[in-house]
Amino acid sequence: MILTLVAMLSMTTAFAEGEKATSANSVEAYELNINMNKLFAALDLANDQKEAVADIHHTFASELKFAAQYANNDRKALVARAIDNDVKWMRYVLNDKQFHTYLTLLNTTINNRGLNK
């Protein structure tokens, strides 16, 4: 009985690792359809920041969608460049507290989608 439990747990772990590896190869992982109103609320943005953040996010999402079309090595470089640009542009728009919150959300999203591999 214990051996069956161990076998089931190891198969589940191996299956989950395979899922994460394939998720980065799917086009859906590169599409960032987020609720901008919830992002605005989470970052506690002023009205003048909202349009800038929406524009930066739109550019970032476009760059990720573009990167999904390329082979693995090229895709990794394009994703890294898109993330670097996004962080650099958000740094100009957000204050320190907002920027810290944004980085937390961005890192969580990237990790959940398997784009950090």
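The model is a predicted one, where local features need pLDDT of at least 70, side-chain atom pairs count only at pLDDT 80 or more, and totals for chains, interfaces and linings use all residues. Residues are numbered from 1 along each chain as its sequence is written, and side-chain values use heavy atoms, with hydrogens and water left out.

Helices here are DSSP runs (H or I, at least four residues), numbered from the N terminus. Starting with H2 (residues 36-43) and H3, their axes come within 11 Å and cross at roughly 125 degrees; axes are lines fitted to C-alpha atoms over the stretch in contact, with angles from 0 to 180 degrees between N-to-C directions. That makes H2 oblique to H3, given that under 35 degrees counts as roughly parallel, over 145 as roughly antiparallel, 65 to 115 as roughly perpendicular and the rest as oblique. Met-36, Leu-39 and Phe-40 of H2 meet Lys-50, Val-53, Ala-54 and His-57 of H3, contact being heavy atoms within 4.5 Å. By class, this contact has 5 nonpolar, 1 polar and 1 charged residues (Ala, Val, Leu, Ile, Met, Phe, Trp, Tyr, Cys and Pro count as nonpolar, Asp, Glu, Lys and Arg as charged, and the others, Gly among them, as polar).

H3 then pairs with H4 (residues 72-93): the axes come within 9 Å and cross at roughly 175 degrees, so the two are roughly antiparallel. Among the contact residues are Phe-60 and Phe-66 of H3 and Trp-89 and Met-90 of H4. The contact residues divide into 14 nonpolar, 4 polar and 3 charged.

H4 also packs on H5, with axes that come within 10 Å and cross at roughly 160 degrees; these helices are therefore roughly antiparallel too. The contact includes Ile-83, Val-87 and Arg-91 of H4 along with Phe-99, Leu-103 and Ile-110 of H5. Its residues split into 8 nonpolar, no polar and 3 charged.

As for open space, the largest pocket has a volume of about 220 Å³. A pocket is an open set of points on a 1 Å grid over the protein atoms alone, where a 1.4 Å probe fits, with protein on both sides within 12 Å along at least five of seven lines, and lining residues have an atom within 4 Å of a point. The volume is the space filled by probe spheres set on the points, which are joined across faces, edges and corners. The lining counts 10 residues, with Ile-34, Leu-39, Leu-105, Leu-106 and Thr-109 nearest the centre. Helices H3 (47-67) and H5 (96-113) each give two or more residues to this lining, and H5 gives the most, with 5. The lining has 7 nonpolar, 3 polar and no charged residues.
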